[in-house]
Amino acid sequence: MNTSNLAEALGLGFERTALPQQQKTTIALKNVNISYGTFLAVKDVSLDIYERQVTAFIGPSGCGKSTVLRSINRMNDMIRGASIEGEVLFNGHDLYAKDVDPVLIRRKIGMVFQKPNPFPKSIFENIAWGARINGFKGDYDELVETSLRSAALWEEVKDKLKQNALRLSGGQQQRLCIARTIAVQPEVILMDEPASALDPIATGKIEELIQELKASYTIIIVTHNMGQASRVSDHTAFFMVDKQRTGFLQEYAPTEQLFLNPGHKRTEEYISGKFG
Amino acid sequence: MQTQTLFGTDSDINVLMNKRKKIGLIWQVVFLFAITLAILFLLLLLLSVIDSTFGYVALRNEVEPSSLIEGKTLIKEFSRTELENAAKANLSSGILRRVESEKPLAQRSYHDLVSLLEQYVIKPKVLKTWGLWDSLTQTRTIEAYSLSENGSYLTFKSWINPQFFLADQSADPLHAGIRTALLGSLWIILITFLFAFPIGVGAAIYLQEYAHDNRINRLLQLNIFNLSAVPSIIYGLLGLAVFVRAMQSFTSGSMFSALTDSTANGRTILSGGLTLGLLVLPIIIINTQEALKAIPASLRMSSYGIGATQWQTIWYQVLPACGERILTGTILALSRALGETAPLVVIGASTFISVDPTGIFSKFTTLPIQIYQWSARPQGAYRNLAGAAIIALLILLMVMNSLAIYTRDKLSKKKRLEL
Amino acid sequence: MHERPIHPFGKRKRIHERIIETTLFLFAMLSILITVGIAFILIRESYLFFSDPAVRLLDFLTAKKWQPMIGLFGIRPLLNATLTTSIIAMAVGMPIGLFVAIYLSEYATDRSRGILKPTFEVLAGIPTIVYGYFALTFMTPLLRTIFGKANVEIYNTASAGLVIGILVLPMIATMAEDAISAVPKDLRLASYALGGTKIETTFKVVIPAALSGLSATFLLALSRAIGETMIVALAAGAGPKLTANPFEAAETITGYIVRISGGDVSYNSIDYNSIFALGLILFIITFTLNLTSRKISSLFHQEYD
């Protein structure tokens, strides 16, 4: 099938800036295997995440994309029996080295979850809190405003900062969670299906936001929505699952290339919706 | 970025991180300490009870066995014929006559004769008692005491023993037992069960299966919750005013002309059982409701689907499905009633009765009340008796709880097999 | 034959179903009857009490002496002793119970939780009379040893208060643990993802989120402590005394009721009526606490369901 026809047929849009010539690797995964107890969830993943670009992880359910995502900010530590082999390097440092403190990592590598989970506090407090426990010494009002602006939420909530965050709509709550993550000044933001619990309009706003955020942050987004992946990301990693239900990395390429000219038959089948 | 430095330099961050971690560790120690304290309290509680129940007793006999038969200092050294002769020779005529008429001396067992002589002739008196800890660690002091008191001797006593369960209330600590109290407790629990179980389960069935979600029924729910949290002594006051006083002709049995003695009043087992019944009623209702809630709607739907009526559904499908949970909860509620003291004191449990309860119109005392009375008396021996009675109560509660767990396991296993 | 055919799906008159439903309804209504009964009895007997010329309502609430023999009926000594024991009890029970709950909910492994939770259920099932015995035979001598026999009377409110604290400890731990566990995991994850430590997450996110559940726990435990009878009856003392010293003997409201009703009291005496008036006060206090607790707790469920 003609690739550009395929693109049109799938309704994929490509409006992105060209990739910079020099790409610095922020996060590098080298031969990563992750197990839950005796079950091997993900095998032999190696890929580089580039600075200030959006990388999407796509694939059928159960292929381990969320597992890999969580291993980057060591949230897998919370799961009993989870173990990892291989290297996860952040700016060259091994995140799983013996003397590394996971708590510090999570300030630098933030996470936004699928279901918005603001604290049952005021909007102001939600944003200020993370900064406060990490020893922020600056002006909190300024920090809150900057974060909310960066999350495209300032105009909507600037008059009600003291209001309980739970009273915001789903889409607003999710942008609040993004603002909260930004407030502690991470370098990388991990997003685990950030728009899957939102309606289409809110989803659109989040996708716009991601495009703006990538100017300052490296973003990795897990999504099951291929349209979203193609709209939003610069690079896409396609994960598959083998007969033992272990996930692996099938193909990793710049997004335009992966969607228009997939290297593997499986990739093409997934993209054209033959399975999922 | 400029704002990057607002979080401080790398060493600032490290210092802060160390402080945060230290705080975490300190609190973890605090939490463990709290758990240890709580467990410690439980241990101390049990140990103090055990401590009272075993120990040395210093006794002094009013009449020494050696004065009855020369050369023998302990009554256990007497032969059976010697015992019989000693009894005939030393019991007062009145007592001898009564004892003979109950059962002739010649037919009595060895043990019987020993206890007769002890009770009426030798009459050991308690001088002082010690707890288990003291008995093990202060033996020298104890022996010194015994030597200093003329004619006294020591014996190591376990205050809980089979005799303890069979003897009735007695002014003499050596011969006191919990039989009357135990029977009173059991009688009362029976009445409590007969009253509270059908009404409680019935009310719960109504609230859960029949009632619509309107204001009245939500008020009923709130009301039941409040009743379950009312202090037990208030139920005592209620019972006193209603059962003992207002319904006296009913609860004393005079209405049915079943008077057992001339001083009939409403302070009977029936009143006690009904009062405790009111107390456990909210608990049974709440527990049954929870059990009914746990049965999924699909079971009811499938029953209606084949044309069963509501009651048929409840009786044949829902209740069997959660029956063991209802039963378990009821047994646990009854074990709570077993330990209740305040309401029954207010109702007017008898302070001293020597007659076992014979029916629901009898006067009564219960095991917790017996513990209360013995605990309140300053003389040392009563403390030991209280400890023994507490162990008896705890054993009884353990039996009831085991029964509850056993019922639950047995019935649910039966259900699983039937699948 | 002009009989109307019986419609196959017509409504059958099922009388016995109606009877059953009505009977069960009456059973449920009995619970209302009990509450009404309690209120009625307490109010009526209290009315008799207050209408006695020897009693004046204002004095009842404010006077400092309770000596029925000479016609003095001021509730303050009894109320004061009740408050003393309850405050001591909550000061012991609430912190320890809360810490135990935090440990069980956030730090304990499944295995240790499996051992600890049944332990607390055992503690919760011990009758209060045993605690009363413990107060008299262990706690009081302990206090007397620590603080000196001259300073601590044989009957004192401190001993009773401390043991009441131990009594409510399992209840607080259980309810608090429920409240803490009910806080959604999402919130904890959010906190960790921002770089919060475990203790920061617990104290600054989880506990505030569980606050209404914890408040409900506090109120319910306080109500329990106030209504406690046997521990104070055995260990706190007989005879009302207004004192701020917890090492002195003093009688609480519940202790007084149980002492008077346990003795010989004739039905129409002012003594008999007085225990109902006191019962009414007790009922009002605990009822208010329970109701407030329930209200707070339902607000809590609204947030998270």
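Residues are numbered from 1 along each chain as its sequence is written, and chains are lettered from A, with ligands numbered from 1, in the order in which they are written. Because the model is predicted, local features need pLDDT of at least 70 and side-chain atom pairs count only at pLDDT 80 or more, while totals for chains, interfaces and linings use all residues.

**The chains**

Helices (H or I, at least four residues) and strands (E, at least two) are DSSP runs, numbered from the N terminus. A residue counts as buried if 20 or more other C-beta atoms lie within 10 Å of its own, as exposed if 12 or fewer do, and as partly exposed in between, with the C-beta atoms placed from the backbone. The table sets out the secondary structure and the buried share of each chain.

| Chain | Secondary structure | Buried residues |
|---|---|---|
| Chain A | 11 helices and 10 strands | 45% of 276 residues |
| Chain B | 18 helices and 3 strands | 40% of 419 residues |
| Chain C | 12 helices and 2 strands | 51% of 305 residues |

The overall form of a chain can be described by its radius of gyration, which is taken over C-alpha atoms and compared with the globule rule, 2.2 Å times the number of residues to the power 0.38. For chain A, with 276 residues, a compact globule would have a radius near 19 Å, and the chain has 19 Å, which agrees. Chain B has a radius of gyration of 30 Å, well over the 22 Å that the rule gives for 419 residues, so it is more spread out than a compact globule. Chain C is also more spread out than a compact globule, because its radius of gyration of 26 Å is well over the 19 Å that the rule gives for 305 residues.

Taken along the principal axes, the C-alpha trace of chain A spans about 55 × 45 × 35 Å, the C-alpha atoms of chain B fill a box of roughly 105 × 80 × 45 Å, and the trace of chain C spans about 95 × 70 × 35 Å. From the N terminus on, the elements of chain C run α-α-β-β-α-α-α-α-α-α-α-α-α-α.

Within chain A, helix α2 (residues 65-72) has 8 of its 8 residues buried, so it is largely enclosed by the rest of the structure. The helix is followed by A:R74, whose phi is positive, near 55°. In chain B, by contrast, B:E100 of helix α4 (residues 93-102) is partly exposed, with 15 other C-beta atoms within 10 Å.

**Where chains B and C meet**

Two residues are in contact if their C-beta atoms, placed from the backbone, lie within 7 Å. By this rule, 66 residues of chain C are in contact with 67 residues of chain B. On the side of chain C that touches chain B, the largest share, 18 residues, comes from helix α1 (residues 15-51) of chain C. By class, this side has 41 nonpolar, 18 polar and 7 charged residues, where Ala, Val, Leu, Ile, Met, Phe, Trp, Tyr, Cys and Pro count as nonpolar, Asp, Glu, Lys and Arg as charged, and the others, Gly among them, as polar.

Two packed helices are described by the angle between their axes and the distance between the axes. Helix α11 (residues 232-246) of chain B and α1(C) pack at an angle of about 75°, with their axes 10 Å apart; axes are lines fitted to C-alpha atoms, for helices over the stretch in contact, and angles run from 0 to 180 degrees between N-to-C directions. The two helices are therefore roughly perpendicular to each other, a term that covers 65 to 115 degrees, whereas angles under 35 degrees count as roughly parallel, over 145 as roughly antiparallel and the rest as oblique. The contact is made by B:I234, B:L237, B:L238, B:A241 and B:V242 of α11(B) and by C:G37, C:I38, C:I41, C:L42 and C:E45 of α1(C).

**Where chains A and C meet**

This contact takes 21 residues from chain A and 15 residues from chain C. On the side of chain A that touches chain C, the largest share, 4 residues, comes from α3(A).

**The nonpolar core**

A nonpolar core is a set of buried Ala, Val, Leu, Ile, Met, Phe, Trp, Tyr and Cys residues joined through C-beta atoms within 7 Å. Of the 260 residues in the largest core, B:L237, B:A389, C:V163 and C:I231 touch the most other members, and helix α9 (residues 179-210) of chain B gives the most to this core, with 17 residues. A second, separate core of 12 residues includes B:A87, B:L91, B:L113 and B:L117.
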